[in-house]
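Me: I'd like to go through this one by asking what stands behind each label. Could you keep the cut-offs in view as we go?

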Amino acid sequence: MNDSLQRIAAIVRADFLLRFRRPSTLIVFLLLSAFAYLWIPAPSTGRALIQINGHRAIYNSGAIGMGTASLGMMFVGLFGYYVISNAIRRDIVSRCGVIAASTPMRSGEYLLGKFLGNLTFLATFLAGFMLSSMAMLIVRGEAPIEPIVFVQQYLLLTPAAIIFVSAVAVLFESIPFLAGKIGDVLYFFFWMTFLGLAVGDQVSGGKMNWARCLDFSGFGFMIDQMTRTLHTDSVSIGASEFDPTKTPILFPGLTLQPEWIFPRIISMLLPLLFLPLAGLFFHRFDPVRTGRTSDKTNRKWIGKIQSLFKPLSRRAVMMLMPLARGQSFLAAIWADAVLTLTLYPLVMVAFVGITIATISGAPQDGLLPIVFAGLAIVVSDVSTRDRRAGTIAILHGAPRLREYFVWWKLGSALVLSIILCLAPILRSALDGLFATAALLVGIVFVSALGTALGVMTTNAKTFIVVFLSFWYVVVNDHGATPTLDFAGFYDRGTSQTTFLYASLSIAALTAAQLFHRWKLARA
Amino acid sequence: MLKIEAVSKRFRAGNYGVRDVSLELKSGVIGLLGPNGAGKTTLLQMLATVTRPTSGRITFGGVDIVARPNELRRKLGYLPQDFGVYDNLTALEFLTYFAALKGVHGKQRVVEMLETVNLHTVANRSLGGFSGGMKQRLGIAQALINDPVFVIVDEPTAGLDPEERVRFRNVLSEIGFGKLVILSTHIVSDIESIATEIAVMKEGALLTMAAPETLLRGAAGHVWQSVVSSEEFDRLRTTLKISSAIRKPDGVHIRFVGPAAAISATPVEPEMEDAFLYLMNFGDTAARVA
């Protein structure tokens with residue numbers, strides 16, 4: 001093997017080992033597999049993976065393969081980015097990148113290595129998901145397993161998405177401006193734009209043929225194939241209600257029609273153009289460009305915006321800080337919550353915004369999902385920031401915080417959540433006690449899950465990815481499934497729903513506390 | 001071997017990290033000494049081809065390393081300040097990774113280096129459980145894995161216990177033979193015994209570069225010792241540049257530096273710590289002498 005290939009292979013191998021040894025990878029994989037289980041319900045429940053004009057598709061390799069591949073494609077496209085977009089950042093933070101920059105390694109080799117590392121991770125992850133989905137055929141299948149048909153569904157739908165996400169992650173990480181939160185936000189719209197183009201092509205009846213080459217999600221291809229095979233555009237995928245009186249339909253799975261061969265190949269090749277583009281912007285770990293110098297002009301834009309609102313948060317902190325004085329555990333909780341407001345003045349801006357929107361009568365089903373998405377970002381930081389900042393040892397020296405770390409962080413997350421949602425909570429009281437209880441349980445659920453995953457994985461992104469995946473399902477369900485209405489967004493939750501999420505919160509916290517005690521015992 | 005000509009690094013805010021530094025270095029261990037913020041790290045980053053100078057020229061073996069960085073990178077070993085590791089990799093995997101990036105083939109060299117830094121017994125242990133000293137030793141192993149002729153180590157002893165610091169110093173003095181090793185630090189004792197020459201930086205500029213004996217000679221006649229009362233010591237602390245103070249039954253024994261003794265004191269032989277303090281505070285005069 002020549003030096004260049006050896007270097008690329010070493011980067012891919014290191015990234016692979018690092019990612020697959022993280023507990024967060026296992027958690028995300030298990031949760032994704034759980035989603036597959038939920039998406040493929042037993043037909044006796046009145047729901048099925050694929051519903052076509054009220055008919056359900058028989059659970060065979062084609063149907064389950066296509067259904068789970070589309071779920072995997074959505075996961076890779078929407079959330080895969082957030083899982084993999086830290087490969088270059090990790091090298092900046094650990095300063096291993098600076099060492100790599102002082103070696104004969106070419107920038108192109110590094111970027112290609114990172115791209116292939118992303119690709120390998122996502123492909124392996126999806127392959128594992130495919131195998132666990134195949135197992136669902138054994139559990140709920142109504143036809144024998146046809147591995148080739150099953151694998152074919154994944155090969156037709158997911159490679160372009162994997163290549164696209166892997167390449168965009170490298171591109172965004174190479175551009176300092178897009179390497180942080182602005183890139184995270186922009187990516188969502190980037191992906192949605194291409195998804196919209198793919199759908200637009202189908203809706204326009206093929207007038208936007210060129211958009212097929214930009215069908216990175218494979219969504220356009222899937223709609224087109226299903227419309228052709230089933231002669232209808234009334235299809236829904238994923239735990240959909242069907243009419244049990246109608247005969248089940250046999251869906252053989254997706255096949256590649258000649259007119260789709262070229263667009264599918266192009267959609268796999270086009271994202272590769274992002275790599276030379278990334279090469280133009282790549283900083284090669286120059287401390288001046290990555291902001292790792294004493295030069296204060298390198299502060300990121302988000303830091304600059306935060307500093308604009310410092311006067312607002314400073315006043316709020318001055319008002320709130322007296323409550324944090326003293327040696328009690330509650331004072332410690334309050335102090336940690338106030339620290340969040342000090343660190344992120346935008347939280348205060350969000351509080352003002354939510355309060356104004358609530359008072360001005362914004363509909364709960366529109367406002368609350370946005371509030372909870374924001375809440376997830378705030379909560380994800382609370383239980384992970386101390387490890388990132390290297391202050392864990394200092395905190396463990398403070399009274400009770402070592403043993404009660406989980407409860408301390410939960411308390412802090414709850415305080416922040418309640419402050420942020422104060423106006424919606426008060427407004428829900430007008431809708432009755434149950435609406436308030438549902439909202440409060442939703443807040444507890446987010447705080448508990450955020451704390452638990454933060455403590456167990458020490459990585460803020462795990463919770464963000466897990467929760468936003470769930471959030472995406474909830475928002476798209478729009479209250480159709482009462483079980484999913486965890487915080488009463490759509491006023492469809494029942495007392496069982498409230499009980500379910502309260503129980504899940506307790507389970508998550510118990511797991512986190514056991515894990516924390518185990519870690520302390522090992523230390 | 002290494003020639004630095006009028007090199008400056010100016011940041012976007014207009015402040016200088018390094019200003020107009022010129023040096024010519026041959027093989028040996030060169031100590032780069034200076035307080036925090038003196039510009040040592042920025043200078044070393046430019047030498048390691050990690051960042052470019054805004055002006056000036058750096059050549060290694062006659063080759064301009066700004067224009068042709070790969071010429072130097074093949075012969076370079078670099079251990080940056082605040083060096084971190086990938087917690088989920090083992091020492092063997094970590095070193096194999098950097099060996100590959102440097103174009104070093106085969107596992108044998110990796111195993112040898114782990115033995116050199118005495119980490120071979122924990123080669124398959126996850127780096128997350130390594131102490132600061134073990135991580136630094138792994139850092140020096142990665143810097144040396146390609147058998148470089150030019151080694152840059154930036155503040156390698158920060159956070160190490162005294163025993164680890166001594167061990168680290170010994171490793172560096174052993175590898176210094178026939179190579180150019182630049183060791184940056186703000187701790188004088190790290191370099192006084194192993195450096196063949198010492199460059200002193202302050203506020204981005206090079207104050208002086210000389211052999212340790214020359215620096216000591218420069219401070220000769222400017223180091224004083226006296227015994228003062230505790231009350232007097234509290235008062236003198238703010239006016240004198242005191243390099244050491246030891247409380248004893250007869251009072252506080254102080255050593256201080258300055259162009260002349262400001263109080264009744266006995267002149268003493270300078271030590272490197274005194275010479276450094278003298279350079280930092282009376283740099284212009286001292287540099288002229290050196």
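Reply: In chain A, 47% of the 523 residues count as buried. This is a predicted model, where local features need pLDDT of at least 70, side-chain atom pairs count only at pLDDT 80 or more, and totals for chains, interfaces and linings use all residues. Residues are numbered from 1 along each chain as its sequence is written, while chains are lettered from A and ligands numbered from 1 in the order in which they are written.

Me: What makes B:Gly84 partly exposed?

Reply: B:Gly84 has 16 C-beta neighbours inside 10 Å, so it counts as partly exposed. B:Gly84 sits in the loop between strand E6 (76-79) and helix H3 (91-101) of chain B. Helices (H or I, at least four residues) and strands (E, at least two) are DSSP runs here, numbered from the N terminus.

Me: And which residues is B:Gly84 in contact with, leaving aside its neighbours within four places in sequence?

Reply: Those are A:Ser94, A:Arg95 and A:Cys96. Contact means that the C-beta atoms of two residues, placed from the backbone, lie within 7 Å. B:Leu127 is 43 residues from B:Gly84 in sequence, and their C-alpha atoms are 9.9 Å apart in space.

Me: How many residues does the contact take from chain A and from chain B?

Reply: Chain A gives 29 residues and chain B gives 31. On the chain A side, helix H1 (3-20), helix H5 (96-101) and helix H13 (287-290) each supply at least two residues. H1(A) gives the most, with seven residues. By class, the chain A side has 14 nonpolar, seven polar and eight charged residues. For those classes, Ala, Val, Leu, Ile, Met, Phe, Trp, Tyr, Cys and Pro count as nonpolar, Asp, Glu, Lys and Arg as charged, and the others, Gly among them, as polar.

Me: Why is chain A called as compact as a globular protein of that length?

Reply: Chain A has 25 helices and three strands. Its radius of gyration is 24 Å, close to the 24 Å that the rule gives for 523 residues, so chain A is as compact as a globular protein of that length. Along its principal axes the C-alpha trace of chain A spans about 70 × 65 × 50 Å. Of the contacts in chain A with a separation of 6 or more, 79% are between residues 24 or more positions apart.

Me: How do you know that the length of helix H2 (residues 23-39) of chain A agrees with what it should span?

Reply: The expected span of a helix is 1.5 Å times one less than its number of residues. For the 17 residues of H2(A) that should be 24 Å, and the end C-alpha atoms are 24 Å apart, so the two agree.

Me: What puts the buried residues on the same side of H2(A)?

Reply: The buried ones are A:Ser24, A:Thr25, A:Val28, A:Leu32, A:Phe35, A:Ala36 and A:Trp39. They cover an arc of only 125° around the axis, which puts them on the same side of H2(A); the arc is that of the directions from the helix axis to the C-beta atoms. The face turned away from that buried side carries the exposed A:Leu26, A:Leu30 and A:Ala34.

Me: Where do the domain bounds come from, and what are they in chain A?

Reply: They come from an automatic or database domain assignment, which divides chain A into domain 1 (3-296) and domain 2 (299-522). In chain A, 15 residues of domain 1 are in contact with 16 residues of domain 2. H2(A) is one of the elements giving two or more residues to the domain 1 side.

How values were computed
A residue is buried if 20 or more other C-beta atoms lie within 10 Å of its own, exposed if 12 or fewer, and partly exposed in between; C-beta atoms are placed from the backbone. The radius of gyration is taken over C-alpha atoms; the globule rule is 2.2 Å times the number of residues to the power 0.38.
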